[in-house]
Amino acid sequence: MKILFLGDASNLHSTLATALRAMGHHVVLMSDGSRWMDTSRDIDLTRESGLGGALRYVARVLSLLPSMCGYDVVHLVNPVFLNLRPDKVKLVFDFICQHNRSVFLSALGSDHDVVKACLDGNVLNYSEYMLHHTPTQYLASAEGAAERSHSWLDPAMERFHRHIISRIDGAVACLYEYYKIYSSIIPDKLAYGGIPINTQALKPHFITTEPAKVRFFIGMQRNRSIFKGTDRLLAAAKAVTEQMPHLCELDVVENLPYNEYIERMLGCHVILDQLYSYTPATNALIAMAQGMVAVSGGEEEFYRFIGEERCRPIVNVSPLIEGDIEQKLRWIVNNKAQLPTLSRMSREFVMKHNDSHVVARRHIDFWNEILTKKQKL
């Protein structure tokens with residue numbers, strides 16, 4: 001197949017592209033490298049600041065339009081897949097639909113339906129925005145209040161979003177949460193892909209024996225710590241390491257490029273990531289693939305969704321239960337003899353459910369299913 005990825009987030013499309021090429025497909029990735037992560041891409045779409053940067057960016061997008069034609073599959077990272085106003089993105093989107101066999105969407109991150117569902121508090125028991133029907137600390141903050149009134153929710157954005165959703169051939173959810181939200185929007189055009197992890201490039205560093213001291217690891221995103229709940233994870237980890245300094249320690253990094261981030265986490269035993277998630281996301285999965293144990297989202301309904309009954313290595317923490325994070329971290333320290341077993345199960349889990357070739361195959365099967373249906377119409 002001839003495949004074009006437009007945009008990237010947390011290395012998802014870059015990892016998919018690598019796997020698809022290894023499987024014999026022709027793939028082109030146009031992105032800004034997930035901004036500071038600086039992930040690999042074939043064609044750079046970074047927008048520089050200022051008026052000059054904006055003008056150069058528009059000129060570059062226009063010059064690339066001929067290169068966005070003739071693909072079997074065009075896969076968008078988000079409804080707003082370019083760093084332009086929605087009305088301008090809509091023009092490019094319509095052009096893409098006219099000049100390619102199919103257009104798909106990765107269901108990940110913020111968009112109109114995701115933000116609306118999270119704020120409603122009816123689809124998910126918790127999210128970055130709401131705990132049941134109570135606003136999170138993020139939503140109560142000035143930044144969160146601004147996002148609540150952000151254009152994701154205004155009528156013009158809703159019309160734009162409906163236009164995109166009505167014309168795409170399908171969407172692939174990278175997390176269970178997004179699948180749950182989108183299943184009420186486009187149930188007949190939806191698949192679960194999962195987050196792809198290049199396990200071949202991530203050699204395992206298993207915890208082979210009970211460590212004398214448990215080393216916790218947290219990767220911070222500047223200006224996103226409250227949104228991701230990293231502030232609460234960090235506070236709990238600091239409290240536990242201060243209470244038990246002879247048994248555990250903490251390594252904290254912030255906004256590192258992808259390759260540096262991978263190197264820095266090596267040597268740690270436990271990663272803390274994504275408090276408001278039902279499922280392990282990219283950082284947790286990368287760590288698990290290397291034999292680290294993840295403190296993250298590992299809800300029962302997620303395990304049921306993926307059909308996993310035995311291999312359940314994620315230490316699930318709930319944002320709904322006061323003191324749950326500290327309790328789980330103390331459990332890890334007091335039961336560190338179990339870390340070698342959880343370490344091997346973590347790698348096994350990622351190989352089974354999130355290896356990039358496994359996720360790529362899900363995408364290919366879904367794309368082919370939709371393309372076959374289109375041919376029969």
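**Notebook: helix contacts, rings and one valine**

I started where two helices touch: Met351, Lys352 and His353 in H15 meet Val358, Val359 and Arg362 in H16. Contact here means heavy atoms within 4.5 Å. I sorted the residues of this contact and got 3 nonpolar, 1 polar and 2 charged. For that sorting, Ala, Val, Leu, Ile, Met, Phe, Trp, Tyr, Cys and Pro count as nonpolar, Asp, Glu, Lys and Arg as charged, and the others, Gly among them, as polar.

A note on what I'm looking at: this is a predicted model, where local features need pLDDT of at least 70 and side-chain atom pairs count only at pLDDT 80 or more, while totals for chains, interfaces and linings use all residues. Residues are numbered from 1 along each chain as its sequence is written, and side-chain values use heavy atoms, with hydrogens and water left out.

Next I checked how the two helices pack. H15 covers residues 339-353 and H16 residues 356-376, and they pack at about 25° with their axes 6 Å apart. The axes are lines fitted to C-alpha atoms, for helices over the stretch in contact, and angles run from 0 to 180 degrees between N-to-C directions. H15 and H16 are therefore roughly parallel (angles under 35 degrees; over 145 is roughly antiparallel, 65 to 115 roughly perpendicular, the rest oblique). Helices (H or I, at least four residues) and strands (E, at least two) are DSSP runs, numbered from the N terminus.

Then I went for the rings. I found 15 aromatic pairs in the structure. Rings of Phe, Tyr and Trp (its six-membered ring) pair if their centres lie within 6.5 Å; planes under 30 degrees apart are stacked, over 60 edge-to-face, the rest tilted. Tyr126 and Tyr278 are a stacked pair, 4.7 Å centre to centre with 25° between the planes. Tyr126 lies in the loop between H4 and S6 and Tyr278 in the loop between S12 and H12, so this pair ties together parts 152 residues apart in sequence. Is Tyr126 buried or exposed? Tyr126 is buried, at 3% relative accessible area, and Tyr278 is buried too, at 1% (buried is under 20%, exposed over 50%, partly exposed in between, with a 1.4 Å probe and protein chains only).

Tyr303 and Phe349 pair edge-to-face, 6.3 Å centre to centre and 90° between the planes. Tyr303 is in H13 and Phe349 in H15, 46 residues apart.

Last, I looked up Val92, which is in helix H3. Val92 is buried at 9% relative accessibility. Leaving out residues up to four places away in sequence, Val92 touches Val61, Leu65, Met68, Phe81 and Leu82.
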